[in-house]
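Colleague: I would like to learn how to read salt bridges. Can you take me through them step by step?

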Amino acid sequence: MLFRSLRELRRDLLDEHAQIVGDNRRRHAESAGAVLRNPRPVRKGEEWELRAAGVSVFLDEELRELQTAHLDAIERALDAIAAGAYGDCVRCRRPIGVELLREVPDTMLCSACAGEATPEA
């Protein structure tokens with residue numbers, strides 16, 4: 001059961017990886033076209049106009065950073081799967097729940113060990 005779940009997770013991670021890479025390529029092509037159409041920097045007044053119109057250069061940058069971090073996590077997970085070192089907690093050696101692996105693909109701790117490692121506020 002766990003093997004099948006991990007195999008499905010690997011397939012899902014590969015699909016998500018391809019989707020993020022494709023989105024990044026599309027955004028890069030679109031932004032290159034925007035620079036050709038408007039090669040000068042955006043002025044402060046224009047920035048506010050763009051925000052009012054629902055366009056945010058900063059939001060796009062934040063999204064790109066989040067996608068890059070998630071893409072890195074997916075790649076670390078896929079590397080660990082290929083090396084046969086994926087899905088077991090490095091602390092207690094028990095299997096990490098598939099749902100946690102879906103949520104945080106490069107996690108190395110099961111939820112119990114992660115809870116013990118996190119100091120309470």
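Modeller: We will go through the salt bridges one by one. Keep in mind that this is a predicted model.

Colleague: What lets two side chains pair?

Modeller: Side chains of opposite charge can pair when their charged atoms come close.

Colleague: How many salt bridges does a search of the whole structure find?

Modeller: The search finds 3 salt bridges. In one of them, the side chains of Arg102 and Asp12 meet, with 2.5 Å from N to O. Arg102 lies in helix H4 and Asp12 in helix H1, so this pair ties together parts 90 residues apart in sequence.

Colleague: Which residue forms a salt bridge with Arg76?

Modeller: Asp106 does, and the closest N and O atoms are 2.6 Å apart. Arg76 sits in helix H3, while Asp106 is in the loop between H4 and helix H5. The two are 30 residues apart. Arg76 is partly exposed at 45%. Asp106 is partly exposed at 24%.

Colleague: Where do Arg91 and Glu116 lie?

Modeller: Arg91 lies in the loop between H3 and H4, and Glu116 in helix H5. They form a salt bridge, with the closest N and O atoms 3.7 Å apart. The salt-bridge cut-off is within 4 Å, so this pair counts. Arg91 is partly exposed at 48%. Glu116 is exposed, with a relative accessible area of 59%.

Notes: Residues numbered from 1 in each chain as written. Predicted model: local features only at pLDDT ≥ 70, side-chain atom pairs only at ≥ 80, totals over all residues. Heavy atoms only, no water. Helix = DSSP H or I, 4+ residues; strand = E, 2+ residues; numbered from the N terminus. Buried < 20%, exposed > 50% of the residue type's maximum accessible area, 1.4 Å probe, protein only.
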